[in-house]
Amino acid sequence: MKTLKEKDRKMKRILKQILCVVLMTVTVAGIIPEDIQAATTKTPAKFKKAKELEFGELYEFRSTERYTFEVEESGRFEFYFDNGPRAFLYDQNGKNIIDFNTTIDMAEFTYHDTSSVFYLKAGRYYLEVRNHSKDGRYDDPRRNDPDSFSVDYESSDESFTEDYDNSNYSYGYANTIKFGEVYRGQLGLDDIADIYMFTLPKDGDITVTLKSSDIPNAEYGLIDAATLRKVKGNLDEDVEDAAEFLAGFAGVSEYTDLFKELGRDPRFLKDGKNSLTQKEKLKKGDYYIVITGSALGGDALQYHSGFYEFKISGLSDKNTNKKK
């Protein structure tokens, strides 16, 4: 017999695992942010004279400077700032997307050199840097020194490159995948989920392999494309109750089945693990596989950013190879 405390702890754990589905449900519904729909290649007036930035090069400055860079593939960007300048990153439309914190205040000391890592989609970006403020730095020996910065870039080698015009985080933009092939992707800023589509020609078992050394507790979900319902399975009473509560709270009771299935264990990387292999029993039909960040919560961007790869294998491997 379970105690009330044990049931309460289990309910909280389940709710934590499936809370991210609120966001996923909106994603699956095909809603695209307005600023992404209105993407343009016109250079914002503020950056018409921006200098072309070279990755890996260290730049020094004493006044406001503006730079621009463009990448054809999404990837990992590391921004290094020294002597505490103010810095801002803008997208191709001139919309501010990152305000960098270039100083770290500790109990006994303030650090003015910092590194920040962000995973960004392919596209053009603009970086504005401003000379550090001298306020509160009267005894600082570097008070009158120039500031500096550098930007390093590593491609994510995405199987399907995402940019402002091509993003696969809604079912309408899902990329079609094949059995037995490894696909690589990235989650990052303005990119909270990736959705892919595959077809199962007949009833049977498949195996899903998900790997990521960057995203802690990365998870996947499978959605029946025809009904937006998950594969039926044995669900205990706690999962039923948690899913119904969360669906009602989110005002999306029609997605209760989806909430239930995403609350099942294990469909996410366990603590300290970089890979997951899970068998799924599916009926014939079309399915979406949704890759998202940490299944165990955490609002910070590092819980939902990084590279990943996955593969779906099973009864259709041989048929797919023959068709090729």
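Buried means under 20% relative accessible area, exposed over 50%, and partly exposed in between, with a 1.4 Å probe and protein chains only. The model is predicted: local features need pLDDT of at least 70, side-chain atom pairs count only at pLDDT 80 or more, and totals for chains, interfaces and linings use all residues. Residues are numbered from 1 along each chain as its sequence is written, and side-chain values use heavy atoms, leaving out hydrogens and water.

**Exercise 1. Classify Asp205 and Lys281, then describe how their side chains meet.**

Step 1. Asp205 has 42% relative accessibility, so Asp205 is partly exposed.
Step 2. Lys281 has a relative accessible area of 62%, so Lys281 is exposed.
Step 3. Recall the term: a salt bridge is a side-chain nitrogen of Lys or Arg within 4 Å of a carboxyl oxygen of Asp or Glu.
Step 4. The side chains of Asp205 and Lys281 form a salt bridge, 3.8 Å from N to O.
Step 5. Asp205 lies in strand β15 and Lys281 in strand β17, so the pair ties together parts that are 76 residues apart in sequence. Strands are DSSP runs (E, at least two residues), as are helices (H or I, at least four), numbered from the N terminus.

**Exercise 2. Are Arg267 and Glu280 buried or exposed?**

Step 1. Arg267 and Glu280 are both buried.
Step 2. They form a salt bridge, with the closest N and O atoms 2.7 Å apart.
Step 3. Arg267 sits in the loop between α5 (256-262) and β17, while Glu280 is in strand β17, so the bridge ties together parts that are 13 residues apart in sequence.
Step 4. The structure holds 12 salt bridges.

**Exercise 3. Find what the side chain of His132 meets.**

Step 1. Locate His132 in the loop between β10 (123-130) and β11 (147-155).
Step 2. Its relative accessible area is 4%, so His132 is buried.
Step 3. Recall the term: a polar contact is a pair of N or O atoms within 3.5 Å; within protein, one must be able to donate a hydrogen and the other to accept it, and residues adjacent in sequence count only if both atoms are side-chain atoms.

**Exercise 4. Which residues have the most contacts inside the largest nonpolar core?**

Step 1. A nonpolar core is a set of buried Ala, Val, Leu, Ile, Met, Phe, Trp, Tyr and Cys residues joined through side-chain atoms within 4.5 Å.
Step 2. The largest one has 23 residues, and Phe198, Ile206, Ile289, Phe310 and Ile312 have the most contacts inside it.
Step 3. Strands that each supply at least two residues of this core include β13 (182-187), β14 (193-200) and β19 (306-314).
Step 4. Apart from this core lies another, of 22 residues, among them Phe81, Ala87, Ile97 and Phe118.

**Exercise 5. Where is Gln186, and what does its side chain approach?**

Step 1. Gln186 is in strand β13.
Step 2. Its relative accessibility is 1%, so Gln186 is buried.
Step 3. A polar atom of the Gln186 side chain lies 3.1 Å from the backbone oxygen of Leu120.
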